[in-house]
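Hi,

Here is the structure I promised to pass on.

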Protein chains: 2
Amino acid sequence: MLNVMQRWREPSDCCLRRTGSDTTAGRPACRGDIMREVAVIGCGVTKFGHHWEKDHEDLLVEATYEAIADANVELKDVEAVWCGTFYPSTGISGNVFSDTLKFFGKPISRVENYCATGMDNIRNAAFAVASGAYDLVIAAGVEKLMDAGSRGLPPIEGIFSVAMPYVSAPAMFAMAANRAFKEWGWTREDLAMVAVKNHYNGARHPKAHFRSEVTVEKVLKAPMVAYPLGVYDCSAVSDGAAAVVLTRPEIAKEIVGDDYAVIKAVGMAVETMHPWHRPSESFLSFPATVKAAKMAYKMAGIENPRKELDFGIVHDCFTITELINYQDMQLCKPGEGAELIRNGVTAIDGDFPINPDGGLKSFGHPIAASGVRMVAELTKQVLGKAEGLQVKDAEAGFAHNLGGPYSVATVAIVSRP
Amino acid sequence: MLNVMQRWREPSDCCLRRTGSDTTAGRPACRGDIMREVAVIGCGVTKFGHHWEKDHEDLLVEATYEAIADANVELKDVEAVWCGTFYPSTGISGNVFSDTLKFFGKPISRVENYCATGMDNIRNAAFAVASGAYDLVIAAGVEKLMDAGSRGLPPIEGIFSVAMPYVSAPAMFAMAANRAFKEWGWTREDLAMVAVKNHYNGARHPKAHFRSEVTVEKVLKAPMVAYPLGVYDCSAVSDGAAAVVLTRPEIAKEIVGDDYAVIKAVGMAVETMHPWHRPSESFLSFPATVKAAKMAYKMAGIENPRKELDFGIVHDCFTITELINYQDMQLCKPGEGAELIRNGVTAIDGDFPINPDGGLKSFGHPIAASGVRMVAELTKQVLGKAEGLQVKDAEAGFAHNLGGPYSVATVAIVSRP
C-alpha cells in the first residue's frame, strides 16, 4: 500500500507554504494546512532555580496564572490542557493540573517524552487546536528536581538501570566532545565560549537560575565532571514551571490584536534508547535532531534556516551539545560548529543568536518545564518582549529539545503572524 | 474575555452535525469539524491474560503487526505513533515503541492518563490526523502486570501513598456499591448478573483472559474482596497490548474500500484525585464519566444515546461500576441501572448490549492496553467482524474508560462511515 500513501503524501509536501485559506476550499483538509494557524497568545514562566519553599503545585499555579493573565483570558475559558511532568508525579496523569489549579471536568492529558516532554505537550496541544476540536487550550510543564534527594538526575528504578547501566548524562556527552576534539580539532576553549556566551545572556534574564557571567578561564578551571566537561560545561538541576495559551489566530486577533505569535511547525523524531550500540554511531551528530529539524523546516516551508530564521534556542544540556546542535539544525556544515562560537555568529549581537535567554546553562533543566519555557521565550522574542536580551529584528526562530540518551528531539518554529 | 470565547464557541456547537465538506469552504476550520473524519482502518489485539513467556515488547510487536496487516499497510507507511503505558516503562517515553518495533526517526508520543491511558492515546492521535499533520498514524497501548511482583495493582512509590493512603481500588468501588444498595435497593444478585453477562460474552471471545461462564450462585459464593465485592465482581490483573491504525477517510477508502470505521468523537474529563474529600461526593455517580459522555455526545451530535447508538463498551473494573456507568452514560435514569441488567437490556441479544466482548471482567485490565482494545472492539463490531459475539445490526457504539480514583474518564464514539 506504499504507493497509495506516497500519492497522498506528495501534494501535502507543499501545503504549509500555501497562503490564504482559499487554497483549501472544497478540498479535504491537507497535511499541515492548519498547523501554522495555531497562535500563542500568553506565556507564563516561573523563576527557575532553587524553590525549597515551593512544591511543584505552587510553581504550576504561578506559571499558569501568569500565562492566562498574559493572554487576557480566564482559566474558565480554557477548554483543554496538556500538562507534562517527567520525574515528579509520574503516574498522576491529568490530576497534576486538575487538583493543582482546581480545574475540574475538562480534558487534561499528560504527555511524557524524556527531556522533550514540554515541547511534545505543546505539539499535541497544537494538533488539537489545529484539528478544530478546541478553541483555547493550555500546554504546561513542571518539574521539581532540587529536592529529589540527589545531585544530577534522580534514577528511575528499573528503567535506567536497564537502559543505561553505566552511562550518566555527562558521560554520554563527554564521549561526543572527545570525538569532536579528535575529528575536528575542537578544544575545551571552544566549549568554554559556549558557557561564556550563554551565561552572559542569562545574567540579564530575570528568571534565570544562574545570573552571573563567567570567563573562559573560570570555565576551564572548574572541577571536572566527565572529561572534557567541567562543571560549567553542564546544565544544572533546577525547579521550574512554564505554560503557554494556544488558540486559533482568528480568536487571537480578537483577544490580543496583533500581539500573538504563530507556531509554524513542530517536528519530532525518536531514535533508539541505545545509540552507542549502533555501528553507525559517530557521536558527531544526533540523528533525532537532524530528523526533527528536517520535519519542522519542511512543515514551515523553510529551505535555508540560517537565512530564513533569525535566531534559535537549542538544548544546551552540555556545551558540546550546543555546538553539535548548530550543525544538526543546519546552521553550518559538520565540523564548523566551533567556528560559529569563535566568530561570534551565535552571540546576542551576532548574525544568528543562539540561546538569547541564556539557555539551559543559565536556567537549569527542570525537564518538562524546559520545552515549554523555550517556546515561551521564542514567542516573547518575536513579539519584541523578551524578558532578558532582545534579539534585534526577531521575526522567526526555532526552539529545540534533545532528550533521553539523545533518542528524541523536537523542533518548534515560531514567528510573528 | 469570556464573551469573546463564548462567541467563538456557539457556532461550533453544531459543527459535528454538519455533513459534507462544502459546509466548511471559505471558512476557518471550526471546532470538531474534522473530528468525525478520522478513520480506523486496522486493529490488532493480543490475547489478554498470562504471558509469562513474553515481555511487553513481544506483546506490542504482536498487536502492532496485526493492526498494520489488518489495515493493509506497512510499518514504513506510518508517519507518527502514540504509544501508552502506565506501569511498565514509566519514563521510557517514545522508546517503548521505537526500540521495540525498530521504528526509528519518526515522532512517537507517550500519553499517560491512569486507566484511560489507551483511549487518551487514541484521542491525541486522532487530533493529529484531524489537524492534517499526518495521514497515517498508530495509536497503541501495552501493559504487563502479571509479573509485577504483586497481586492487584502494584504501588507507585511516592504517588499513591500520598494520593490514596488507605484506599485500594476494590475498597473505593465497594463504597459505591454499599451506597447504591442503601439508596436504591440494589443487591449483590444485581451485581452478580453483570459478571454472569460479561463472562457469558467473554467465554465466546478468543482473546479474552477468562473464557468460562459463571452463575449467579458462583459469583455470590466467591471469596469476598471488599464487601460487597467478591472475586467475580472484580476485573483481573492481566497482560496485553492493542493497536489501531488511523487515517483520513479519503485515504481509508483507497486502501480498504468501505471496510473502515469512523471515530465520531472522543470526550474526556478529569476530576479530582481525592473525590472522597468532596462534600458533594455521593458515590452514586462518577462525574468524570458524566462530563466525558456529554462532551462526546455533543461532538457527535447525539441527543439520545439509547436510541441513536446501538451498543456500548464500558469500563467494568467492578460489577458495580458497570451499573453506575449505565446511568452516567445516559442509558437510563439514576437508580435504574440495575433494572437494565435484570431485564436483559444490556445482554448480547438485548435492546442495548453492553460489553459484547466480555468487558474487563473477561479480559482483565492491562491498563494502557484496555482503551485501545475497546476502540478496536467497537470498530470490529460496527464492521460486522466481531471476534467474539457480534451485536446484531451494530452501526454505532461507544467505548468508555474510567481511571485513577475515578478522576478521569474518556468516551469514544465509533460508527460505520
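**Salt bridges**

Over all chains, the count comes to 46 salt bridges, where a salt bridge is a side-chain nitrogen of Lys or Arg within 4 Å of a carboxyl oxygen of Asp or Glu. Before the details, some housekeeping: this is a predicted model, so local features need pLDDT of at least 70 and side-chain atom pairs count only at pLDDT 80 or more, while totals for chains, interfaces and linings use all residues. Residues are numbered from 1 along each chain as its sequence is written, chains are lettered from A and ligands numbered from 1 in the order in which they are written, and side-chain values use heavy atoms, with hydrogens and water left out.

One to look up in chain B is the salt bridge between B:Asp239 and B:Lys144, at 2.8 Å from N to O. B:Asp239 sits in strand β7 (residues 239-247) of chain B and B:Lys144 in strand β4 (residues 136-144) of chain B, so this pair ties together parts that are 95 residues apart in sequence. (Helices, H or I with at least four residues, and strands, E with at least two, are DSSP runs numbered from the N terminus.) Both B:Asp239 and B:Lys144 are buried. For the burial words, buried means under 20% relative accessible area, exposed over 50%, and partly exposed in between, with a 1.4 Å probe and protein chains only.

Also in chain B, B:Glu387 and B:Lys380 meet in a salt bridge of 2.9 Å, N to O. Here B:Lys380 is buried, at 10% relative accessible area, whereas B:Glu387 is partly exposed at 29%.

Over in chain A, A:Lys76 forms a salt bridge with A:Glu74, and the closest N and O atoms are 3.7 Å apart. A:Lys76 counts as partly exposed at 48% relative accessibility, and so does A:Glu74 at 37%. There is also a network of salt bridges in chain A, which links A:Glu66, A:Lys207, A:Lys380 and A:Glu387.

How many of the residues of strand β2 of chain A are buried? Five of its five residues (80-84) are, and the strand is mostly covered. A:Ala80, A:Trp82 and A:Gly84 point one way from β2(A), while A:Val81 and A:Cys83 point the other way.

β2(A) has two strand partners to look at, where pairing takes at least two bridges found by DSSP:

- Strand β4 (residues 136-144) of chain A runs parallel to β2(A), joined by five bridges; the bridge partner of A:Val81 there is A:Ile138.
- Strand β3 (residues 108-112) of chain A also runs parallel to β2(A), joined by two bridges; the bridge partner of A:Trp82 there is A:Ser109.

Five of the five residues of β3(A) are buried, so this strand is largely enclosed by the rest of the structure. A:Ile108, A:Arg110 and A:Glu112 point one way from β3(A), and A:Ser109 and A:Val111 the other way. Now follow β3(A) across to chain B: three bridges join it to strand β3 (residues 108-112) of chain B, and the two run antiparallel. In that pairing, A:Arg110 stands opposite B:Glu112.

**Cavities**

A search of the whole structure finds two cavities of 30 Å³ or more. A cavity here is a set of points, on a 1 Å grid over the protein atoms alone, where a 1.4 Å probe fits but cannot get out, and lining residues have an atom within 4 Å of a point. Grid points are joined across faces, edges and corners, and a volume is the space filled by probe spheres set on the points.

The largest cavity holds about 40 Å³ of space. Its lining is A:Val40, A:Ile41, A:Gly42, A:Asp70, A:Asp259, A:Thr379, A:Leu383 and A:Lys385. Strand β1 (residues 38-45) of chain A gives the most to this lining, with three residues. At least three lining residues come from each of domain 1 (35-149 + 239-264) and domain 2 (165-235 + 265-415) of chain A, with domain bounds from an automatic or database domain assignment.

The second largest cavity holds about 30 Å³. A:Glu271, A:Thr272, A:Pro275, A:Arg278, A:Glu281, A:Pro287 and A:Tyr406 line it.

Cheers

Technical notes:
On a 1 Å grid over the protein atoms alone, a cavity is a set of points where a 1.4 Å probe fits but cannot get out, and a pocket is an open set with protein on both sides within 12 Å along at least five of seven lines; lining residues have an atom within 4 Å of a point.
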